[in-house]
Amino acid sequence: MLDVRDLRVAFETRGRTVPALHGVSFALRPGTVAGLVGESGCGKTLTALAIMRLLPATAGIQAGDVHLNGRSLLDLPEREMARVRGAGIAMIFQQPRASLNPVFPVAAQLTHVLRLHRGLARRAALAEAEALLARVGLPGPTRILRAYPHELSGGMCQRVMIALALACRPRVLVADEPTTALDVTVQLQIVELLRALQQELGLTVLLITHDLGLVAEICDDVHVMYAGRIVESASVEALFRRAAHPYTRGLMTARVRAGGRALPTGIPGRVPPLGQTPPGCPFHPRCHLAGPECAAAEPPPEVVADGHIVRCHRWRAGVA
Amino acid sequence: MLRVEGLHKRYPVRGAGSGRHALHAVDGLDLEIEAGETVGLVGESGSGKSTAGRCILRLEEPTSGLIAVDGVRLAEAREAELRLLRRRMQMVYQDPLDSLNPRMPVGRQIAEPIWLLGVASRPEAERRVYGLLELVGLPGEVARRYPHELSGGQQQRVAIARALAPEPRLLILDEPTASLDVSVQAQIVRLLVDIQSRHGLAYLLISHDLSLVGVLAHRVAVMYCGQIVEIGNTDEVFARPAHPYTQALLSATPRDAPGEQRSRVLLRGEPQAPIDPPDTCRLYARCPCAAPACLERPAHLQTFAPGRAVRCVRFLDEHGRGVVSR
């Protein structure tokens, strides 16, 4: 389905090259939801933007490859890539209102996409737009079609974004923190909607989030990122039952848990800023298991179990 | 130590049809906090929880209501008294970078409230900075740094040190961990618990994060559209929420592990701004348990068990025999 191999992205600033992604590899299994998890600055969004070839002008792909159904996306001419965005891979963002055009009503934005990408006539596009809005659970779709983004609430804007993303019948949906900016009761509505759509349409979803609770809620597979690398990949059950990387385990204990009085533990120190990644394993200065080999060399991927991969010299010491 | 009675904050609204309209941001809030106690004020954006916090500090002038600290009423306090009361109540904000002065070394920012509020002389204040930094787990050399040189977690520690500087009795914590990374949030939570146990401070924790409130707060007050809809001991409210809104909030908190089964209370739609709200239930249009009776009588916050009160006509009809009106 979607296969990302050894993706390396760097920022170019004032003649200096600052690497941001250090060889990110993962594959999405068709019809599943994969979570890309990490704290801010670990490279989650950058990975998604690189896949979509929407990197900011200051960033560039240095090496690696992205395959969608066996076709390399990085070599496509821009015109064909534009077709892939939408029909192949669609993306929704954290700030739904910021991703909609404020000066056009919803109808114009939806029918524009439908006419351009699916070649529908005006009337047919309008009918399809209305059907899409109903599909994402918006009450009174005819009224919403006439509305401008500022007249809609955050949750409604996110539903419109999802309708837009689905307009071209994509195979893969990249959802970047789709619920973070929403109120909690609305978050739950959007999670339920995404889950229902994913199952009905057989979508493959890459969910970018910092929230392990959301991962437990909706994901099949998880990839944990730290300092521009994937440090652990596993099925969601394996990760929650037996996380192997000390960072993943730290994230688990750092969670403030619902219904518990237990104080979260946290991880000492902080995520290293871009360009100041320590040598060796990037996590070693914060790691309670770290030894001399951790500062000396970056750990290679090791297989913990079938489908469970970790990059840590000392994972065996921690799993016990 | 802090007593709030009938706190109202209304904002005039224009362009909502003819006549005078008002947004009832905080609509009759009653709250008490004891020394050493943490009360969580939870709600979604627009529920009035932050406005309530700002009114308590009189950063915002309340429309009406009584606020008393250690028996002294804020509204009647003269300038000198108000200064003394301000010493006793300090606030920690969500985004430390927004609340710290970018052009002043953090040591001076921590010392300033000490001598400005007359707690100690200026040289003494500057000496105390190091003790305060140590209290929040930062090395003394941080005093010479500027906020932008520090990480988010360190900045929030500085903001806490500055809030503690004038020796307050109450800290109002407005989403104190919301802008921080997960691994750093936990450090701040531990710090807050540690400081409270050592100094017997009272905390008013304003947050949308029920998990955080569950860990920190002894009692929780749930706000919806400007009103408290449920209040009680945190463990009891979390174990047996009485109000459908509390149930919905609790069921919206993420699961701890995959496969964990959870009953779901899903609300329709989104919160409406409380402009000229009715005195009947404000959740009615979104509530999965709404019944005709809900529109017949005003919804009052009523005690139904020791230390627990709820604002739900249906719940009180079903469970609330011998209820005491507040």
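Me: How many residues of chain A are in contact with chain B?

Reply: Two residues are in contact if their C-beta atoms, placed from the backbone, lie within 7 Å. Here, 37 residues of chain A are in contact with 33 residues of chain B. The model is predicted: local features need pLDDT of at least 70, side-chain atom pairs count only at pLDDT 80 or more, and totals for chains, interfaces and linings use all residues. Residues are numbered from 1 along each chain as its sequence is written, while chains are lettered from A and ligands numbered from 1 in the order in which they are written.

Me: Which helices of chain A supply at least two residues each of the side that touches chain B?

Reply: Helices (H or I, at least four residues) and strands (E, at least two) are DSSP runs, numbered from the N terminus. In chain A, the helices are H8 (184-201), H9 (212-218), H10 (236-242) and H11 (246-254). H8(A) gives the largest share, six residues.

Me: How do the residues of that side divide by class?

Reply: Ala, Val, Leu, Ile, Met, Phe, Trp, Tyr, Cys and Pro count as nonpolar; Asp, Glu, Lys and Arg count as charged; the others, Gly among them, count as polar. The side of chain A that touches chain B has 15 nonpolar, 13 polar and nine charged residues.

Me: At what angle do H8(A) and H10(B) pack?

Reply: Axes are lines fitted to C-alpha atoms, for helices over the stretch in contact, and angles run from 0 to 180 degrees between N-to-C directions. Angles under 35 degrees count as roughly parallel, over 145 as roughly antiparallel, 65 to 115 as roughly perpendicular and the rest as oblique. H8(A) and H10(B), residues 244-252, pack at about 55 degrees, with their axes 8 Å apart. The two helices are therefore oblique to each other.

Me: Which residues meet there?

Reply: From H8(A) come A:Val184, A:Thr185, A:Gln187 and A:Leu188; from H10(B) come B:Ala248, B:Leu249 and B:Ala252. By class, this contact has five nonpolar, two polar and no charged residues.

Me: How does H7(A) pack with H8(A)?

Reply: H7(A), residues 154-166, packs with H8(A) at about 15 degrees, and the axes are 10 Å apart. H7(A) and H8(A) are therefore roughly parallel. A:Gly154, A:Gly155, A:Gln158 and A:Ile162 of H7(A) make the contact with A:Val186, A:Gln189, A:Ile190 and A:Leu193 of H8(A). The classes are four nonpolar, four polar and no charged.

Me: Is H11(A) mostly covered or mostly open?

Reply: A residue is buried if 20 or more other C-beta atoms lie within 10 Å of its own, exposed if 12 or fewer, and partly exposed in between; C-beta atoms are placed from the backbone. H11(A) is mostly covered, with seven of its nine residues buried. Among them are A:Tyr247, A:Arg249 and A:Leu251. The buried residues of H11(A) pack against elements including H9 and H10 of chain A, and also against H7 of chain B.

Me: In what order do the strands of the eight-stranded sheet stand?

Reply: Strands of a sheet pair through backbone hydrogen bonds, either parallel or antiparallel. Two strands pair if DSSP finds at least two bridges between them. The order in chain A is E6-E7-E8-E3-E9-E10-E12-E11, an open sheet with mixed pairing. E6 and E11 (302-305) of chain A stand at the edges, each with a single partner strand, so one side of each is left without a neighbour in the sheet. E6(A) and E7(A), residues 172-176, pair in the parallel sense over four bridges. A:Ile92 stands opposite A:Ala175 in E7(A).

Me: Which way do the residues of E6(A) point?

Reply: In a regular strand the side chains alternate between the two faces of the sheet. In E6(A), residues 89-92, A:Ile89 and A:Met91 point one way, A:Ala90 and A:Ile92 the other. All four are buried.

Me: What is the order of the four-stranded sheet in chain A?

Reply: The order is E2-E1-E4-E5, an open sheet with antiparallel pairing. Ten bridges join E1(A), residues 2-13, to E2(A). A:Leu7 has A:Val24 as its bridge partner in E2(A).

Me: What is the phi of B:Cys225?

Reply: Most residues other than glycine have a negative phi, and most peptide bonds are trans. Phi of B:Cys225 is near 50 degrees, a positive value in a residue other than glycine. B:Cys225 lies in the loop between E9 (219-224) and E10 (227-233) of chain B. B:Cys225 is buried, with 23 other C-beta atoms within 10 Å.
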